[in-house]
Amino acid sequence: MRSLRLLVVGCAVIATAASAQQPLVCPAPTSVSSRPCELYHYHVQLYRPETKQFAEVTGVNQCASESACEQVRNAQMRRNAGVVDYFKRVRQEQQYEPDRFGPCHCDLTIDKASPAFLTDVQRLTQIRTGEDVRLRIREKLLDAGLTSDNELVRTLISPPPSLPLLGGPKLVPLPNVGPAVGSATSADDLKSTRVTDTSKPVVISLDLPLADPAAPAEQVAVAEAEPVQASSTAQPETKEAEEAAESFISYETERIQNVLKASSAITDASVKSRIFEACQERIQLLSNLRTLIEGSGVRSRLATAARGAQSEPDRVAFVSRLFGTAIAKPWAPKDASDVILEPLPDVESDPERVLRDGGGRFNDQQKRRALYALLARYQPTSDQQLWLITVIDSFLR
Amino acid sequence: MRAHILMVVLIASAAFAQEQPAPDPNAEEFSKAVLFGRKFFELKEYASAYDQFAKADSLRPDDPAVLYNMALVLAKAGRYAEAQVKADRYNQVHPGGVEKPNVTKLQLELEFQRELQKKRQGDQDYLELFNRGKFLYGKNDIDGALKAFQEAEQQRGSDPAAVFNQAVLYEKQGDFAKAVERFRRFSELESDPAQKSGLDQRLFALENEIEDMKTKIVCPFCGHRLPAGATWCHRDWHGPYVTSSPVWNTRPCVEGATATRSTYFVDNRLAKNDSLPCMSPGGTMRESLRYTPSRQRAIQDARKAEGWTYNGEIIQSWTDKQGNEVRYFQGPDYLDKIVSVSTGELLDFEAHKAGEGVWLLDREDIVIEGQKYTSRYTYDDKNRIAQQQVTYQNAAACNHIITETADYVYQHDALTSVNIRGGYEGYLSEGKPKTDWQAAVAYTYDGNGRVTKEDLAVTSFTKTYDQRPHGALRDEVSKLYNSMRAKRPIENAIRSGDLCATAGTLMVANYIDLRAFYAMSPNLAITLPLGVTRATVTFTYPDSFRLPR
């Protein structure tokens with residue numbers, strides 16, 4: 001009987017030694033996997049006090065990160081050390097062995113190609129084995145006189161750490177949705193109005209000459225003479241050109257003043273505003289046109305045409321030759337709102353460029369419209385005036 | 001005769017003297033001032049020109065030409081009111097003066113300038129109104145900005161910018177229908193193609209949003225857009241969002257709606273009454289979860305404030321200041337797994353497609369109060385849950401591996417009952433106890449298809465030890481069940497519950513845990529306290545409350 005006991009003890013020692021030599025890691029995979037490790041675990045040989053054997057479990061300590069695996073392993077080792085210490089130191093059971101823990105490594109028990117792979121049944125069997133060992137230790141601790149609420153007994157079951165966030169409700173309440181706008185607002189989101197153009201200077205484009213005071217005795221006589229003389233010092237030819245300009249420009253100025261008067265009856269502020277804009281531009285244009293007529297010389301095509309434009313059809317024909325056929329209706333509007341020109345952004349944005357275009361990008365009508373835009377919106381310099389006289393001359397040719 | 005001749009000469013001389021005006025002592029100064037005035041005028045130095053003409057006027061007051069010239073240079077200098085005074089003076093003193101035609105023209109011009117000033121003032125007012133709108137927008141005062149641009153449109157109905165800005169503001173408010181209408185109006189008003197670039201894409205996006213608002217819901221956890229028929233959000237596996245289900249419309253947040261849960265012990269004694277809080281603000285679950293961009297943004301903002309990150313509309317990860325990190329591994333179609341880096345937890349999901357944008361879980365891991373469960377689902381031909389099987393190792397008690405199965409029974413379109421069974425087989429060391437229980441959940445509906453009552457009853461509960469455990473465990477089991485006999489069911493186990501260990505004077509037990517059946521009902525996914533075998537939830541609704549079709 002004694003020899004049998006010795007044999008059992010001997011076998012146990014051999015088994016222990018054999019198991020102690022095991023590496024406690026999953027066997028190396030047969031093929032190199034390119035996938036990153038999804039799970040980490042550690043092998044542990046659990047000491048069974050009733051048989052003094054070890055039972056290895058490999059499929060119960062899975063962790064998603066190596067660091068978490070190390071934490072779980074260390075916690076389990078601490079708990080086991082407490083139990084071992086109790087039996088060895090307090091209970092004087094020197095033969096009580098600690099559990100053997102392998103290192104944390106990539107878990108190949110989930111890899112079907114690995115010899116370490118565990119089926120669900122095998123994994124379940126390992127869980128049950130581990131729980132049986134735990135209950136045996138519990139039994140032994142209680143047998144030793146510890147109460148069931150003793151820390152050593154109680155911590156035999158230690159739930160794995162859990163992040164409360166993961167255990168949040170599956171149906172969460174909606175956050176308060178206020179009427180306020182969530183996204184930031186940027187000034188670039190909105191467009192700026194182009195209806196008003198305050199960049200244009202409010203400069204009077206009045207085209208009237210100064211008057212020369214007469215000697216006191218002459219005043220009455222002069223009062224009965226012809227209207228205002230522009231400049232007594234003007235040369236005869238210049239004077240003729242001025243007259244040509246005056247005859248055309250003054251008539252057209254009155255026309256545009258009449259348009260302005262008529263526009264007072266319009267109630268739509270927006271339309272009224274556009275009429276004002278158009279009239280203001282026309283007055284500017286007439287002022288510039290006067291300068292060009294006077295500057296072009298009495299025998300120039302421009303002065304001749306201006307002088308010859310006496311009747312209404314002649315006037316409209318004259319401006320149509322200058323500014324294109326589309327100008328006829330706005331030039332002599334039957335209704336105040338007719339004075340508004342349809343915008344042509346391509347032409348009006350840079351009229352000088354259009355007029356100077358030699359590549360055929362703009363047609364003749366577009367160029368004439370550009371002339372209108374240029375004279376209506378800008379005050380040409382002396383150089384520009386000379387150039388414009390040439391341009392106009394070519395239009396009237 | 002000589003005297004007579006002398007007299008005549010004297011008289012003639014006197015007469016001649018009367019006809020010849022006295023020489024003007026200021027004539028030279030006057031002429032100089034007029035000349036200088038003219039020179040300054042030619043140089044367009046109107047202020048100086050005026051000074052010279054004013055000097056001339058002082059030397060020879062009310063000279064018609066000087067009056068006219070003063071009026072003209074004042075007008076040229078932009079001093080229209082003063083110009084008008086001079087023109088008026090001219091008309092008063094020289095109504096038939098030689099400069100009259102020019103004065104008339106000048107007056108017309110002055111009148112025009114007055115009109116122009118009025119218009120400019122109107123423009124300025126309009127611009128200020130417009131800028132106020134933009135300022136308010138910058139301050140995120142959308143209502144105020146909208147009012148400003150609406151007022152601007154009333155003033156200048158043809159200004160496309162005012163209409164465009166209204167559209168932007170409606171878009172910000174989430175009123176996409178109005179935004180679309182305004183953008184279309186802008187397109188009509190605006191003639192410049194450059195100003196309309198990108199408008200078509202914007203309208204297309206808005207119309208898509210409008211369609212989504214009609215047909216989609218939003219996941220209240222991550223804000224992902226889901227088809228109204230989706231059960232779960234496949235990007236975070238929150239849910240269920242069975243918006244048409246009467247069971248999931250039992251707790252609307254409307255006046256007159258109540259939900260009261262009463263639990264009873266096996267002898268019908270009342271254990272507890274719970275008034276369940278409402279769940280669906282605005283009425284039905286469909287309404288409360290209806291997709292709107294602002295709702296989606298609010299959800300995403302709330303999550304981001306909690307530390308979540310997104311890739312577009314898809315939630316990705318979470319971190320906190322303590323170094324905890326949760327990663328969502330998003331597959332091409334749905335969330336594959338969730339990993340908590342610090343605790344090492346891993347939640348796996350498997351799903352299949354059940355429609356456009358609709359994914360149904362085949363397997364999921366969930367954690368409820370630190371306890372991990374694994375569920376497997378099967379579905380009927382209408383994609384309703386037919387069965388749910390749950391397994392978990394009960395770390396809160398004795399580490400038993402517990403299995404629970406719920407079978408869903410439908411009649412027509414309504415869930416009528418759920419039959420649940422659960423149990424486990426314990427470990428050898430503790431005597432291999434085997435516990436089995438069954439429960440049934442039954443639903444009662446009113447004439448409007450609303451759930452009026454939800455009854456849960458534990459219909460059976462047995463626990464049998466296969467053998468007596470050894471040593472101290474035997475003593476412990478005796479404390480749990482003093483009448484325990486091997487291979488014989490524990491008497492009155494349904495009353496005492498499934499006790500599995502002691503902790504000092506406390507008893508540790510496996511509760512009937514229905515929490516993993518969260519997709520069954522929001523009202524009975526609970527853990528039953530020991531000895532409690534029945535739960536009844538009664539519902540009331542206002543008459544007007546109707547389920548979504």
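**Notes on the two-chain model**

1. Chain A holds an open sheet of three strands in the order β3-β2-β4, with antiparallel pairing; two strands pair if DSSP finds at least two bridges between them. At its edges are β3 (53–57) and β4 (100–101) of chain A, each of which pairs on one side only. Helices (H or I, at least four residues) and strands (E, at least two) are DSSP runs, numbered from the N terminus.

2. A word on the basis of all this: the model is predicted, so to speak of local features we need pLDDT of at least 70, side-chain atom pairs count only at pLDDT 80 or more, and totals for chains, interfaces and linings use all residues. Residues are numbered from 1 along each chain as its sequence is written, while chains are lettered from A and ligands numbered from 1 in the order in which they are written.

3. Let's look at the β2–β3 pair. Strand β2 (residues 44–48) of chain A runs antiparallel to β3(A), and five bridges join them. Tyr47(A) is placed opposite Phe54(A) in β3(A), and Arg48(A) has Gln53(A) as its bridge partner there. Four residues lie between the strands of this hairpin, where Lys52(A) adopts a positive phi near 60 degrees.

4. On the β4 side, β2(A) pairs with β4(A) over two bridges, again in the antiparallel sense. Here Gln45(A) faces Arg100(A) in β4(A).

5. How many of the five residues of β2(A) are buried? Four are, and the strand is mostly covered. A residue is buried if 20 or more other C-beta atoms lie within 10 Å of its own, exposed if 12 or fewer, and partly exposed in between, with C-beta atoms placed from the backbone. Helix α3 (residues 120–143) of chain A lies across β2 and β3 of chain A, at about 140 degrees to β3(A). Axes are lines fitted to C-alpha atoms, for helices over the stretch in contact, and angles run from 0 to 180 degrees between N-to-C directions.

6. Asp107(A) deserves a look: it sits in the loop between β5 (105–106) and α3 of chain A. Asp107(A) counts as buried because it has 24 C-beta neighbours inside 10 Å. Leaving aside residues up to four places away in sequence, Asp107(A) touches Leu39(A), Tyr40(A), His41(A) and Gln62(A). Contact means that the C-beta atoms of two residues, placed from the backbone, lie within 7 Å. Thr58(A) is 49 residues from Asp107(A) in sequence, with 8.7 Å between their C-alpha atoms.

7. Over to chain B, whose secondary structure comes to 14 helices and 23 strands. Of its 549 residues, 41% are buried.

8. In chain B, helix α3 (residues 46–59) and helix α4 (residues 64–76) pack at an angle of about 160 degrees, their axes 9 Å apart.

9. Finally, the interface: 103 residues of chain B are in contact with 76 residues of chain A. Helix α6 (residues 100–138) of chain B gives the most to chain B's side, with 21 residues. That side divides into 48 nonpolar, 33 polar and 22 charged residues.

Terms used: Nonpolar A, V, L, I, M, F, W, Y, C, P; charged D, E, K, R; others polar.
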